Amino acid sequence: MTALDVIRARRPDFKPSVAVVLGSGLGGLAAHMDEAMAIPYADLDGFPQPGVSGHRGQLVLAKAGDTRVVLLEGRAHLYETGKADAMKVAVASLAALGCETLVLTNAAGGLDADMGPGSVMVLTDHLNFTGQSPLFNEPGDERFVDMVDAYDPELRRRLLKLAAGMELHLHQGVYAWFAGPQFETVAEVRAAGILGANAVGMSTVPEVILARHARMRVAGLSIITNKAAGMSEFTLSHAQTKRHAALATDRVQQLLLAFLEDYGNGHGKGNGA
Ligand code: HPA
């Protein structure tokens with residue numbers, strides 16, 4: 001059975017409209033939602049097997065208000081396998097289930113002076129510094145995906161409005177994708193800043209490309225867990241990423257829940273992309 005068949009068989013009448021990929025620190029979102037049902041990635045052929053601490057490996061079907069949602073707790077990163085298309089089956093399955101929107105979350109290092117640990121940034125665009133694409137080997141003309149407004153402006157406005165209502169300051173900026181797993185050099189961070197990056201990280205961009213290929217709308221949120229390399233006296237580590245992601249967990253979960261509940265009221269729909 002394909003992953004899609006398994007998901008459909010476990011919950012035949014569940015027609016989701018939104019999916020969320022939960023990055024470091026956000027794995028607890030399902031506990032705040034209704035009728036949650038988890039399916040381990042191990043049961044889903046082609047889904048990534050979890051290998052990074054802080055990332056679980058399961059898909060959760062759940063409701064936020066009247067909105068049916070798929071949560072992906074755990075993702076594959078380029079640095080785990082060297083393959084940029086490791087999330088291909090997962091994203092294709094979300095699209096086939098009927099999800100029209102994909103919300104991507106991650107942990108990232110901040111470049112802006114006012115974006116310290118615990119800050120939250122909504123993505124306006126990205127820079128792909130890896131030279132990789134999840135669409136390598138993809139046949140057909142559909143592979144030539146337009147990346148203008150890949151991060152849907154209407155969804156971003158919605159997030160900014162909801163955040164303002166809960167006194168969460170949402171920064172806006174460009175996310176630069178580095179392959180990892182080593183953190184960036186000081187020179188790389190300096191170069192990324194000159195080229196327009198506001199944050200650096202090791203995920204999300206391949207999922208954005210896959211989602212746009214599947215004609216899904218995309219929103220992205222970064223939890224800033226540290227100042228980028230060379231910008232503070234602290235040594236970078238994954239322990240710090242996990243610890244500092246927790247600084248923003250409650251606020252980002254609250255924002256995501258509000259966004260998801262609102263989505264069912266028709267606010268998420270708009271550009272028909
Ligand atoms: N760089 C890359 N990835 C990250 C960082 C960083 O500084 N912080 C959290 N994830």
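Reader: Which residue places a polar side-chain atom 3.4 Å from a nitrogen atom of the ligand?

Author: The model is a predicted one, and polar contacts are taken as pairs of N or O atoms within 3.5 Å. The polar side-chain atom that lies 3.4 Å from a nitrogen atom of the ligand belongs to Thr-225.

Reader: How much of the ligand's area does the protein bury?

Author: The residues surrounding the ligand include Phe-183, Glu-184, Met-202, Asn-226 and Thr-241. Taken alone, the ligand exposes 260 Å², and the share of this that the protein buries is 95%.

Reader: Which two residues are joined by a cis peptide bond?

Author: Most peptide bonds are trans. In the loop between strand 7 (170–177) and helix 5 (186–194), where Pro-181 is found, there is a bond with omega of about 0°. This cis bond joins Gly-180 and Pro-181.

Reader: Is Ser-133 buried or exposed?

Author: Ser-133 is found in the loop between strand 6 (120–128) and helix 4 (153–165), and a polar atom of the Ser-133 side chain lies 2.9 Å from the backbone nitrogen of Leu-135. Leaving aside residues up to four places away in sequence, Ser-133 touches Ala-84 and Ile-209. Because the relative accessibility of Ser-133 is 18% and the cut-off is under 20%, Ser-133 counts as buried.

Reader: What is the phi of Asp-149, and what is the phi of Glu-35?

Author: Most residues other than glycine have a negative phi. Glu-35 is placed in strand 2 (residues 34–40) and is partly exposed, with a relative accessible area of 49%, whereas Asp-149 is found in the loop between strand 6 and helix 4 and is partly exposed at 48% relative accessibility. Neither is a glycine, yet phi is positive in both, at about 55° for Asp-149 and near 50° for Glu-35.

Reader: How many of the residues of strand 4 are buried?

Author: Strand 4 pairs with strand 1 (residues 18–22) in the parallel sense over five bridges, with Val-20 opposite Leu-71. Strand 4 also pairs with strand 3 (residues 58–64) in the antiparallel sense over seven bridges, with Lys-63 opposite Arg-68. Strand 4 (residues 67–73) is largely enclosed by the rest of the structure, because the number of its seven residues that are buried is six.

Reader: Which residue in the turn between strand 3 and strand 4 has a positive phi?

Author: Strand 3 and strand 4 form a hairpin, with two residues between them. The turn residue with a positive phi, of about 60°, is Gly-65.

Definitions and conventions
Residues are numbered from 1 along each chain as its sequence is written. This is a predicted model: local features need pLDDT of at least 70, side-chain atom pairs count only at pLDDT 80 or more; totals for chains, interfaces and linings use all residues. Side-chain values use heavy atoms; hydrogens and water are left out. Helices (H or I, at least four residues) and strands (E, at least two) are DSSP runs, numbered from the N terminus. Buried means under 20% relative accessible area, exposed over 50%, partly exposed in between (1.4 Å probe, protein chains only). A polar contact is a pair of N or O atoms within 3.5 Å; within protein, one must be able to donate a hydrogen and the other to accept it, and residues adjacent in sequence count only if both atoms are side-chain atoms. Contact means heavy atoms within 4.5 Å. A residue is near a molecule or strand if one of its heavy atoms lies within 4 Å of it. Accessible areas come from the Shrake-Rupley method with a 1.4 Å probe; for residues, only the protein chains shown count as cover. Two strands pair if DSSP finds at least two bridges between them.
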